[in-house]
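Please consult the sequence and the structure shown below while reading.

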Amino acid sequence: MDAFSPGPAIAAFPLAVFGPLDWGVLGIYFAAMIYIGVVAARKDQDAREYFLAHRSIPTWAVAISIVATSLSAATFIGVPDEACNGNITYLLLSMGGLIAVVIVAVLFVPRLYRAGTVTIYGYLGERYGPGATVAVSVVFLLGRMLASGARLFIAAVPVCLLMFARRGQNNFVPTAAQLALAICLIGLIGTFYTSFGGIRTVIWIDVIQFFIVVSAAVLSVAMLLHKTPLSPGQMLQALRDPTSGPDGHGKLFLLDTSFASSHKYTIWTALFGSTFLNMAAFGVDQDLAQRFLVAKSVTRGALSLIWAQLISLCVVCGFLTIGLLLHLFYRQQSGSTAPVVGAYPNFLLNEMPTVLSGLAIVGFFAIAQGSMDSAINALASSAVADIYYPLRRRLGHPADPARDTATPKIAVAVMGVLMSLLAIVCVFMYDPKNNTLINFALSILAYPFAGMLGVFLAALLTKRGNTTTVVLALIAGILTVVLLQPAVLAGWSTLLLHRPLKLASMWWTPIGTAVSFLVCVSGSSAATAIVGAFPVIQTSGERR
């Protein structure tokens, strides 16, 4: 029966899983986030302060904010699932991440930071002209909103467990209506406090949320160890058992050297797929790149990326550990099996004692909203600085970013609503039979990232390209990823090669990037650079 029908919905809403004390802990968290946003709103903020915080955020806070944003609910739910139902080969992707942040720190950060624009796409305006910036910004807006909508959808899964599941329902599957209600709950609160304070508020809330997440993870590990009566030796023996993981490998299997293109997490997808995906995430995605733009200098912005990746590696290891312990916990329960999706939130709601379960679920909300508030701020900054202000200037009604305090806040509110709607669309796009939650979130990013990364690499590494080839490169990147989709790939490969090909989603970004790069550099360089078309940050000197 539909969850919104009067009888069953009302009966389910008060829940047996969460007690009054748990709800109290959650209520305190929400009240604190809203209070911080309201306090921040008391200070008048022009567009530059709202989106760049006058480049005054310390390096350590920028690094932690990057981690809080990049982890998302997909990490909280998907990473433990990867270890619980599979093995720890997912950890290999962190190797590509480390390679990527070094490349971004050396190649991207210096030029994008010194461009002095509100968003990183303003650099393309100086390189190719304003049309290129608008084109890339539009692709970013559409791609990031869909990707962040996927993250928000993933976050709604355990919220539905909280709102609608009964204790003991380890394989509870929420309905589309229940997921939509949960999405609106998370999206509304995140949009509310973000619209008040801008990037400064987002970063400091990210810092608070990060420590909440780490505390929840540590608490969960301690509780799992307490509930799993095995010695360290017995745990290792059980995890090394070849029957414990897929393909005849134990749970601790890490280094997959297979050349099979259908395998998601191999040494090759880590070196190439993960490197390109992370290079795109940190270098051309305003959601994360806006962090190094608010650092105090180029050097500090670059260091914040490297530190963020090292911290992220530790956090991912922590969540993989939770997944391994969940496997042991459910294995030693007679007749009990781990849920295929959402093993961790199921454990939080069904096994953790009162108050502790409240603290743990607050950690989940923290990581879910940490990724959302950053995304809507990034979307708003790109929409306002790269599209709205230039459009007004072209129409003869220029706006002064130094005096405009209303437009950024309105833009954040609009982006928050749109993201929530797209998250609801993701409810119907996701296929649990053929995709894990973490893979679903990663694969969506390939559509915008492939073309955007190709364009940025052309701008940074060559002197070729123009507005026309930028637009064509973006289209080529998207079309390449479309052609690599499982059903489409099987169709044209069968037609040409007489057998269907399979390709893991981690390969989509590097292949799409290569095609996009070649298309972009196929054109001659722009005749003149466009200066003054985009808002520029005036600085008196670079601090180190």
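Does Cys520 count as buried or exposed? At 0% relative accessibility, Cys520 counts as buried. The model discussed here is predicted. The protein chain has 19 helices and 0 strands, and 59% of its 544 residues count as buried.

**Overall make-up**

- Among contacts in the protein chain with a separation of 6 or more, 85% come from residues 24 or more positions apart.
- The protein chain has an accessible surface of about 21,000 Å², and carbon and sulfur atoms account for 69% of that area.

**Cysteines**

- The number of disulfides comes to 0.
- Cys84 has a relative accessibility of 4% and therefore counts as buried, the cut-off being under 20%.
- Cys520, at 0% relative accessibility, is likewise on the buried side of that cut-off.

- Arg144 is part of helix α7, which spans residues 130–164.
- The relative accessibility of Arg144 is 4%, so this residue counts as buried.
- Leaving aside residues up to four places away in sequence, Arg144 touches Gly149, Arg151, Asp285, Asp287, Ala375, Leu379, Leu445 and Phe449.
- Two of these residues, Asp285 and Asp287, are linked with Arg144 in a network of salt bridges.

**Salt bridges of the network**

- The whole structure contains 3 salt bridges according to the search.
- Asp285 and Arg144 meet through their side chains in a salt bridge, with an N to O distance of 2.3 Å.
- This pair links distant parts of the chain, since Asp285 sits in the loop between α10 (267–283) and α11 (286–293) while Arg144 sits in helix α7, 141 residues apart.
- The side chains of Arg144 and Asp285 are also joined by a polar contact of 2.3 Å.
- Asp285 and Arg144 are both buried.
- Arg144 forms a salt bridge with Asp287 as well, and here the closest N and O atoms are 3.8 Å apart.
- That pair, too, links distant parts of the chain: Asp287 belongs to helix α11 and Arg144 to helix α7, 143 residues apart.
- Asp287 and Arg144 are both buried.

**The Arg291–Asp206 salt bridge**

- A salt bridge joins the side chains of Arg291 and Asp206 at 2.9 Å, N to O.
- Because Arg291 lies in helix α11 and Asp206 in helix α8 (residues 176–227), the pair ties together parts that are 85 residues apart in sequence.
- Arg291 has a relative accessible area of 0% and is therefore buried.
- Asp206 also counts as buried, because its relative accessibility is 0%.

**Nonpolar surface patch**

- Ile478, Val482, Leu483, Val488, Trp492, Leu495, Leu496 and Leu497 make a nonpolar surface patch of about 700 Å².
- Two or more residues of the nonpolar patch come from each of α17 (467–483) and α18 (486–497).
- Helix α18 gives the largest share of the patch, 5 residues.
- Leu497, one of the patch residues, lies in helix α18.
- With a relative accessibility of 46%, Leu497 counts as partly exposed, because this value falls between the 20% and 50% cut-offs.

Key: Residues numbered from 1 in each chain as written. Predicted model: local features only at pLDDT ≥ 70, side-chain atom pairs only at ≥ 80, totals over all residues. Heavy atoms only, no water. Helix = DSSP H or I, 4+ residues; strand = E, 2+ residues; numbered from the N terminus. Buried < 20%, exposed > 50% of the residue type's maximum accessible area, 1.4 Å probe, protein only. Polar contact = N/O pair within 3.5 Å; in protein donor to acceptor, adjacent residues only side chain to side chain. Contact = heavy atoms within 4.5 Å. Patch = residues over 30% accessible without salt bridge, like charges linked within 9 Å, V, L, I, M, F, W, Y side chains within 5 Å. Areas by Shrake-Rupley, 256 points an atom, 1.4 Å probe, with all protein chains shown as cover. Salt bridge = Lys/Arg side-chain N within 4 Å of Asp/Glu carboxyl O. Disulfide = S-S within 2.5 Å.
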